Amino acid sequence: MTKSKDAEMLERLESAARTGGISKRDFLRYSVLAGLTASTATGLWSTKAKAQPKQGGTFRWGIHDGNTSDSHDPGTYLTRVMIFLAHTHRSYLTMIMGDGSLGPDLAESWEASADASEWTFKLTENATFHSGKKLTADDVIASLNHHRGEKTTSAAKALLTDVTDITKDGDYTVIVKLSGGNADFPWLMTDYHMAICPANDDGTIDWQSGDGTGPYKIDTGEFGVQFSLSRHDGWHGEGAYFDKVELITLNDPNARQTALVTGDVDAVSLIELKTMGLLQRNPNIKIHNIPSAGAITLPMFCDTAPFDNPDVRNALKLAMNRDDIIEKITFGAATKGNDFHHSPAQPYWPDDIPQREYDPDQAKSLLKKAGAEGLTVSLSTADSVYAGAVDMAVLYAEHAKAAGININVVREPNDGYYSDVWLKKPFCLVSWGARPTPDVMYTLAYKNDAAWNESHWKNPRFNELLLQAKAELDDTRRAEMYREMAMLARDDGGTIIPFFNNFVYANSTKVGTPEKLAASWENDGARAASRWWFES
Amino acid sequence: MGDILQLVLKRLGLGAITLLVVSILIFFAVELLPGDIAQAVLGQGATPETVAALREKLGLDQPAVIRYFHWLAGALTGDFGVSLVSGERVSAAISDRFVNTLFLATYAAVIAVPVSIVLGVIVALLRNTLFDRVANVLTLTSISSPEFFLGYILILYLAVKSNYFPAIASLSADMSFGDLLHRTFLPALTLVLVVTAHMMRMTRAAIINLLASPYIEMARLKGVPPWKVIVKHALPNAWAPIINVVALNLAYLITGVVLVEVVFVYPGVGQLLVDAVAKRDFPIVQACCLIFAATFILLNLAADVGAILTNPRLRHPK
């Protein structure tokens, strides 16, 4: 290697490290390979590569999924633009950090009673609304009550049905009483509906004004078009490096990607997987591919023949070549599923469960054992479930042929798929959005009496563990329970999970991002505006 | 002139009745759509209780006919109600968008109308020459391509590869007029390409048709130069069909540009209408459709009046 090449390589390493494209370990290894000593490389990492984020600039953020009929009412937040805006101009009690842990936002600390049925949140005393009013416990109580009660029109009502009472103890302490233990309650406070708004005197909230305690305040805005925000000097958190932020609704995938390429925006929230490879060649664009907790599932009715036999269910699980599906349908932008609905992006994920691989021979022998050789089943699907859902079902049918299973792919109409097919047909394809914790996910779709128990799976041990884990405050014991539940779902459950889909988004290399990006939403858990910065 | 005034008044009266019929059709078409606003707003989190609570809040628990007459009573006094989703006044929600749509339509028309009429006269003059053929092939190609495709081609060459113009036409309040023209040039150019062929070919056909008439032959025989034959003798008689096709295209520029708005992320009325239909936001849908219907009625009226004014035979009927 010549000297100039060394220098060039170091420069590239530095720039990769700055933008978060390379970890410290990799940086040190490549630096040593490039001819530096270990101690010089360590020094370089801390001085040059991870320089302090710079202040300033206008961050133009192109976001998919926005609508003219959006509103500031946290109870009816639905589109990505509103969710991202909420994380930019409002605050929550808690937030999901870059490493996936739960961190403080408006609540400095929180603790539970011994049975996890009463939670006490200590609020920060530094938070102010954009109007200048100080945040107090009354605002938090009114904001949570917005989703409770008979009259509420909030889509998040179901999340707070366990709450029996919310009281305050002084201006900066909020106490929430639950009807049963829930160790995950602080996690629920990160749900995008739980944004804190200023309270009115009558105990309702003023969501109409768009006021909040977030890092940026709204200067001008039009729903479904664009919002311009500037930094809120009284923000209680750390970060918010940009002077101004513009959230631009870019629903058309082509317009979004073109705007990023031409420099009309600095970051976008979604990249089309089909064109990801082409975009990757552009040296000015950095693509992030982040495993999420959203999943594709194939539930089978466990009380309907032939799926009432666990051997048949397992044969169908073994007859799927997940690697092939991930490569051909998601272009690599997915994390392999293992037939339990608990993603690596959620807390308590058990990392030591053996991966189920494609094994048509074992599937065949299981079918023989069940006396169901030459099995024929129908799989319902529609393209509105997931881009490429029908192709995926056809591909799976091909994989299953090797195990002697004949899968008829039934293409259902896109309209009304979730009212006419899901929960009605015994074997279909479903797309699930991310939920913050395994408890929320399992309670929603795997609990024996859940309305959305899509596989009709009723395993007594699983349900017993689910209730125990919900109120268990000891993390180690809780993780063990979730591990056992994962094993039960994987080996006895009625749901095939081919993959967890990744968030794939991109930004200009002018934008600096932290090494670890939160996986709760696209663009660093929807908090790019307060966590990212401009390099120069 | 009294005849024209009478015509205008009669047509305006008929137009008002048309609008009423349109409003009835729109209202019941929205009612026919599966699902309602409460479900659309609440999405997957809709439970029977929250849906019922929202319906009651919005007054959707009343029968459709009663809601229609409520709306009609308001509309007759100039109050078009509030958006069911955002609670914003319909007039406020639409006015900005409509100004944007009018601006883009005007921008495109200011370029397209003179260009296509001049081109139409020139190709009529040079008919069956190479220039005529090339102009016809190019304009017919552009009118035959879907407008989003034209938009993408323009973005590829004029925004991505050469960076002359921005790829998205997002507007901000503090823009200078020059900036505004620059930002919205690509969507305007797309619309120009879409409407030019129609107007140009109609001009060409109308003029060529007249060139076979005896009075044109007379003009030629007395030695008038070809361009003068067309501009002075043929064109005045060709105005009626040209004005008609121009009016038709102007109406299209206002009502039919949803795809261009989507491709260039331009905040016009078309996008608003699509969003409102998806959310079953009836007052907004109704107002948008009435604006579109009124646009057609007024432009058709203008075309007829224009045709009469440019034709002395119609101006002074026996």
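Student: How many Å apart are the C-alpha centres of domain 2 of chain A and domain 4 of chain A?

Tutor: This is a predicted model. Chain A is divided into domain 1 (2-45), domain 2 (54-90 + 214-284 + 509-535), domain 3 (96-208) and domain 4 (291-502). For domain 2 of chain A and domain 4 of chain A, the distance between C-alpha centres is 33 Å.

Student: How many residues does the contact take from domain 2 of chain A and from domain 4 of chain A, and how do those of domain 2 divide by class?

Tutor: The contact takes 4 residues from domain 2 of chain A and 9 residues from domain 4 of chain A. On the domain 2 side that touches domain 4 of chain A, the classes are 3 nonpolar, 1 polar and no charged residues.

Student: How many residues of helix α9 (residues 310-318) of chain A are buried, and what covers them?

Tutor: The buried residues of α9(A) are V312(A), R313(A), N314(A), A315(A), L316(A), K317(A) and L318(A). Helix α9 of chain A is thus mostly covered, with 7 of its 9 residues buried. The cover includes α11 (360-370), α16 (475-491) and β17 (495-508) of chain A.

Student: Turning to chain B, how many helices and strands does the secondary structure come to?

Tutor: The C-alpha trace of chain B spans about 85 × 60 × 35 Å along its principal axes. Of the 318 residues of chain B, 34% count as buried. Among contacts in chain B between residues at least 6 apart in sequence, 72% join residues at least 24 apart. The secondary structure of chain B comes to 15 helices and 0 strands.

Student: Which helix supplies the largest share of the side of domain 1 of chain B that touches domain 2 of chain B?

Tutor: Chain B is divided into domain 1 (1-77) and domain 2 (90-314), and their C-alpha centres lie 31 Å apart. The contact takes 18 residues from domain 1 of chain B and 16 residues from domain 2 of chain B. On the domain 1 side, α1 (2-32) and α2 of chain B each supply at least two residues. The largest share, 11 residues, comes from α1(B).

Student: How does the side of domain 1 of chain B that touches domain 2 of chain B divide by class?

Tutor: That side takes 18 residues from domain 1 of chain B. By class, they are 12 nonpolar, 4 polar and 2 charged.

Student: What does UniProt list for residues 98-303 of chain B, and how much of that span is helix?

Tutor: An unreviewed UniProt entry lists residues 98-303 of chain B as "domain: ABC transmembrane type-1". In the model, the end C-alpha atoms of residues 98-303 of chain B lie 22 Å apart, and the span is 0% strand and 82% helix.

Student: Where does UniProt place the feature "transmembrane region" in chain B, and how far apart are the end C-alpha atoms of residues 180-200 of chain B?

Tutor: The unreviewed entry places this feature at residues 12-30, 104-126, 138-160, 180-200, 242-264 and 284-309 of chain B. In the model, residues 104-126 of chain B are 96% helix and 0% strand, with end C-alpha atoms 32 Å apart. Residues 180-200 of chain B are 95% helix and 0% strand, and their end C-alpha atoms are separated by 28 Å.

Student: How do the residues of the side of chain B that touches chain A divide by class?

Tutor: Between the chains, 34 residues of chain B are in contact with 30 residues of chain A. Elements of chain B that each supply at least two residues to this side are α2 (37-42), α3 (48-58), α7, α12 (258-264) and α13 (269-278). By class, the side of chain B that touches chain A has 21 nonpolar, 9 polar and 4 charged residues.

Student: Are α7(A) and α7(B) roughly parallel or roughly antiparallel?

Tutor: The axes of helix α7 (residues 253-262) of chain A and helix α7 (residues 147-161) of chain B come within 11 Å and cross at roughly 10 degrees. Angles under 35 degrees count as roughly parallel. Therefore α7(A) and α7(B) are roughly parallel.

Student: Which residues of α7(B) are met by α7(A)?

Tutor: The contact of α7(A) with α7(B) has 5 nonpolar, 3 polar and no charged residues. From α7(A) come N254(A), T258(A), V261(A) and T262(A), and in α7(B) they meet Y152(B), I155(B), A159(B) and V160(B).

Terms used
Residues are numbered from 1 along each chain as its sequence is written. Chains are lettered from A and ligands numbered from 1 in the order in which they are written. This is a predicted model: local features need pLDDT of at least 70, side-chain atom pairs count only at pLDDT 80 or more; totals for chains, interfaces and linings use all residues. Axes are lines fitted to C-alpha atoms, for helices over the stretch in contact, and angles run from 0 to 180 degrees between N-to-C directions. Helices (H or I, at least four residues) and strands (E, at least two) are DSSP runs, numbered from the N terminus. Angles under 35 degrees count as roughly parallel, over 145 as roughly antiparallel, 65 to 115 as roughly perpendicular and the rest as oblique. Two residues are in contact if their C-beta atoms, placed from the backbone, lie within 7 Å. Ala, Val, Leu, Ile, Met, Phe, Trp, Tyr, Cys and Pro count as nonpolar, Asp, Glu, Lys and Arg as charged, and the others, Gly among them, as polar. UniProt positions are given in the numbering used here, feature names are shortened, and annotations may be inferred rather than shown by experiment. Domain bounds come from an automatic or database domain assignment. A residue is buried if 20 or more other C-beta atoms lie within 10 Å of its own, exposed if 12 or fewer, and partly exposed in between; C-beta atoms are placed from the backbone.
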